[in-house]
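The sequence and the structure come first, and the discussion follows.

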Amino acid sequence: MEWWLTYLLIGAIVGFLAGLLGIGGGMIIVPLLVFVFSAKGFPEAILMHEALGTAMATILFTSISSVRAHHQRGGVDWPIARAIAPGILLGGFGAPALAAQIPTRPLAMFFTAFMFYAATQMFFRMQPKATRELPGPRGLFVAGGVIGILSSLLAAGGAFLSIPFMTWCRVPLRRAIGTAAAIGFPIAAAGTIGYVLNGMRIEPLPAWSLGFVYLPALGLIVVTSMLAAPLGARLAHAMPIGKLRFVFALLLYGIGLRMLWTLW
């Protein structure tokens, strides 16, 4: 029962931060699940894989409400979303097969490197300058493939890559954010299917696992994250977000280092 309460707490924290700061949950869910799964005695060889697969599956549910909200406000550029989706689906589906071949420690190092990248970007408020136009269908397919691969390997909705890419290509920021929300669902769908199928080849897996997706954690995290996100969004208009982003960046650095310590 104490683990169930832990998953509910993780979901509440992630949902609140997502609503407050507009961040994806994977960067927080994955290391927290690594801590929990390690304490539960999951095999070390699949710790990162189980955490990544479970975190990716949560995005399936949280992205739906996000897409709906942005679509209702006319914030989604659907032609861009449709053009970039095939590459995203291909990259997102193929990345879990790659992840399944990488041992836990190197995979954790790769994940932590991008955590530090995200923290640094937030810490210094790094924003790409609009210097070019959107590429054609082939260019968007390639960009989608890269975004899909990295997002699936990092259990992220893709916004940390797709928003800078679109703003670099002169897409207005608000429209880039809405479009990033729209492509988060195909990223999550392809990645989740990939982690389920590739995890089914591994024996033994913890009980209640569907491939690399741990179902008790998935269900409980989704419930509280979706309840807590609106609260964070409301508070975002009343709190000093700049200072909070600074603190959150430091938190990401600390969590990343702690995860590496746990796995060593």
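Predicted model: local features only at pLDDT ≥ 70, side-chain atom pairs only at ≥ 80, totals over all residues.

## Helices, buried threonines and salt bridges

The buried residues of helix α2 are Gly26, Met27, Ile28, Ile29, Val30, Pro31, Leu32, Leu33, Val34, Val36 and Phe37. Helix α2 runs over residues 26-40 and reaches 20 Å from its first C-alpha to its last, which is close to the 21 Å expected at 1.5 Å a residue. The helix is followed by Gly41, whose phi is positive, near 85 degrees.

Helix α6 can be described in the same terms. With 18 residues, α6 reaches 25 Å between its first and last C-alpha atoms, close to the 26 Å expected at 1.5 Å a residue. Its buried residues are Leu140, Ala143, Gly144, Gly145, Ile147, Gly148, Leu150, Ser151, Ser152, Leu153 and Leu154, and what covers them includes α2, α3, α4, α5, α7 and α8. Just after α6, Ala155 takes a positive phi of about 55 degrees.

Thr179 has its place in helix α8, which spans residues 173-199. Is Thr179 buried or exposed? Because its relative accessibility is 1%, below the 20% cut-off, Thr179 counts as buried. Once its neighbours within four places in sequence are left aside, Thr179 is in contact with Gly75, Val76, Asp77, Ile80, Ala81 and Met166. For one of these residues, Asp77, an atom-level distance can be given: the side chain of Thr179 reaches the backbone nitrogen of Asp77 at 3.0 Å. Thr179 and Ala159, which are 20 residues apart in sequence, are 9.0 Å apart in space from C-alpha to C-alpha.

Thr192 is also placed in helix α8, and with a relative accessible area of 10% it is buried. Not counting residues up to four places away in sequence, Thr192 touches Met56, Ala57, Leu60 and Val213.

Thr58 lies in helix α3, residues 47-72, and is buried with a relative accessible area of 4%. With neighbours within four places in sequence set aside, Thr58 is in contact with Ile29, Leu218, Ile221 and Val222. Ile29 is itself among the buried residues of α2.

### Salt bridges

Side chains of opposite charge can pair when their charged atoms come close.

| Pair | N to O distance |
|---|---|
| Glu44 and Arg105 | 3.5 Å |
| Arg175 and Asp77 | 3.6 Å |
| Glu133 and Arg170 | 3.0 Å |

In the pair of Glu44 and Arg105, Glu44 lies in the loop between α2 and α3 and Arg105 in helix α5 (residues 104-123), so the pair ties together parts that are 61 residues apart in sequence. Glu44 counts as partly exposed at 42% relative accessibility, and Arg105 is partly exposed as well, with a relative accessible area of 32%.

In the pair of Arg175 and Asp77, Arg175 lies in helix α8 and Asp77 in the loop between α3 and α4, so the pair ties together parts that are 98 residues apart in sequence. Arg175 counts as partly exposed at 32% relative accessibility, whereas Asp77 is buried, with a relative accessible area of 16%. Asp77 therefore takes part in two of the features described here, since its side chain meets that of Arg175 in a salt bridge, while its backbone nitrogen is reached by the side chain of Thr179.

In the pair of Glu133 and Arg170, Glu133 lies in the loop between α5 and α6 and Arg170 in the loop between α7 and α8, so the pair ties together parts that are 37 residues apart in sequence. Arg170 counts as partly exposed at 46% relative accessibility.

### A nonpolar surface patch

Phe93, Ile193, Leu197, Met200, Leu210 and Leu215 form a nonpolar patch on the surface, with about 520 Å² of accessible area together. Among them, Phe93 is found in helix α4, residues 78-101, and counts as partly exposed at 41% relative accessibility.

Key. Residues numbered from 1 in each chain as written. Heavy atoms only, no water. Helix = DSSP H or I, 4+ residues; strand = E, 2+ residues; numbered from the N terminus. Buried < 20%, exposed > 50% of the residue type's maximum accessible area, 1.4 Å probe, protein only. Contact = heavy atoms within 4.5 Å. Polar contact = N/O pair within 3.5 Å; in protein donor to acceptor, adjacent residues only side chain to side chain. Patch = residues over 30% accessible without salt bridge, like charges linked within 9 Å, V, L, I, M, F, W, Y side chains within 5 Å. Areas by Shrake-Rupley, 256 points an atom, 1.4 Å probe, with all protein chains shown as cover. Salt bridge = Lys/Arg side-chain N within 4 Å of Asp/Glu carboxyl O. Expected span 1.5 Å × (residues − 1).
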